[in-house]
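Let's take a friendly walk through a few spots in a protein chain. Have a look at the sequence and the fold first, and then read on.

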Amino acid sequence: MSYEVKSLNEECGVFGIWGHPDAARVTYFGLHSLQHRGQEGAGIVSNNDGKLNGYRGLGLLSEVFKDERSLASLSGNSAIGHVRYATAGNGSVDNIQPFMFKFYDGAYGLAHNGNLTNAKSLRKKLEQDGAIFHSNSDTEILMHLIRRSKQPTFIEQLKESLRTVKGGFAYVLLTETAMIAALDPNAFRPLSIGQMKNGAYVIASETCALEVIGAAFVRDVGPGEVIIIDDKGYKVEKYTEDTQYAICSMEYIYFARPDSNIAGVNVHTARKNMGKLLAKEAPIEADMVVGVPNSSLSAASGYAEASGIPYEMGLVKSQYIARTFIQPTQELREQGVRMKLSAVRGVVEGKRVIMVDDSIVRGTTSRRIVQLLKDAGAKEVHVRIASPPLRFPCFYGIDIQTRKELIAANHSVSEIEQLIAADSLRFLSEQGLIDAIGLKYDAPYSGLCMAYFNGDYPTPLYDYEQHYQATLKEKISFA
């Protein structure tokens, strides 16, 4: 049994660079800024005049590359890298990316962010046809499809394979002569292109990685696009015209760093707008607004600004505790909560507090934070959530694949209010979320994926359809 201050996790972050003399080191810096997207493992594959070398391991990026020699061994002027959080596949080193493939006619590195919804059936068919898998990650499937394609060129083989895989995916491939990026037809996961001052091109899951290495933003990778980068520059091709924007709304709510821009929208600004609209939709008399560190601070400042109620630092998060605190007893788990998050008694004592958070998943975290504030002397704790209730699983790369994990799937807002012992509880509306983000695509929900809130999935669920139907019958118990 483990306790996390947050219990949502994004799958991965990818980064690639072409045309820099110290490509692996730049990739390390880029991955460091994407560490929030995955902390279970990391790896880098470099290209030195057509010879590919890789290094990967379990743990944080700084732990994997703590020996300077591991990074120094990855010489070359191009590289791709990956930080991993597992949704498909287990946490063994075999599943750490980028994967490296060496064939008689060439070598390849491959990194992937997302989740394939037809991975199980594709893998079964490939194994029946004689394919041998070295991992149980769905990433490896793409390379098997490429090798079985009868198309005349590698790019055509890749495009055919991309039309075969379904779900949410952002791929970065390193070949002996090029770096290639591809995005799913709905652009579920973000992916951007940048350029450094020396002309090197960069691919990154988030624009914050471009800022860190001093690269200028060039453009977002669009749905259904293949980006080919080599010594001549970059070119954009499409593998399908059947595209429809459905950008993951949770990227804006929780996953992405606040200094990133997704589809031209700054994440901090979107979160602040969520807080402002929440204040209009769910006002309450109180003495102060407090954000739950760190992803809710932008929404809390927006709520305070729109409501005119002072924003205070009533909760402080320790920056030095491990991401997951595992202890065998409830008493020690509760101690772990207090190590991660502290209520500031001198600020909240005797006060009516509005606690702003970005989401409620299981509800246990919210209950414990409400209790922390009340233990510190808060007179009232009114919880305001800067997103709609999470009621449905995600199959595109976020680790919510069962409704049993979601308190809002089987409890009303008033029931959740009682379960977390809040004096009041309100959520942002679906329309409020759409308006706060402000995308202008001519697509359902303005180009956002809102399936977590309303069950309206933008694509068929393929292998997950039966699983999804089964989850609709699940009942959650609050513990």
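Two residues are in contact when heavy atoms of theirs lie within 4.5 Å. Keep in mind that this is a predicted model.

**A site listed in UniProt**

An unreviewed UniProt entry lists Cys12 for "active site". You can find Cys12 in strand β2, which covers residues 12–18. Is Cys12 buried or exposed? Buried means under 20% relative accessible area, and Cys12 has 0%, so Cys12 is buried. Which residues does Cys12 touch, leaving aside its neighbours within four places in sequence? The contacts are Arg37, His82, Val83, Arg84, Tyr85, His112, Asn113 and Ser205.

**Backbone spots to look for**

Most residues other than glycine have a negative phi, and most peptide bonds are trans.

Now for the peptide bonds. A cis bond, with omega about 0°, joins Gln97 and Pro98. Pro98 sits in the loop between β5 (78–84) and β6 (99–103). Pro293 and Asn294 are also joined by a cis peptide bond, with omega about 0°. Asn294 belongs to the loop that runs between β18 (288–291) and α10 (297–307).

Note on methods:
Residues are numbered from 1 along each chain as its sequence is written. This is a predicted model: local features need pLDDT of at least 70, side-chain atom pairs count only at pLDDT 80 or more; totals for chains, interfaces and linings use all residues. Side-chain values use heavy atoms; hydrogens and water are left out. UniProt positions are given in the numbering used here, feature names are shortened, and annotations may be inferred rather than shown by experiment. Helices (H or I, at least four residues) and strands (E, at least two) are DSSP runs, numbered from the N terminus. Buried means under 20% relative accessible area, exposed over 50%, partly exposed in between (1.4 Å probe, protein chains only).
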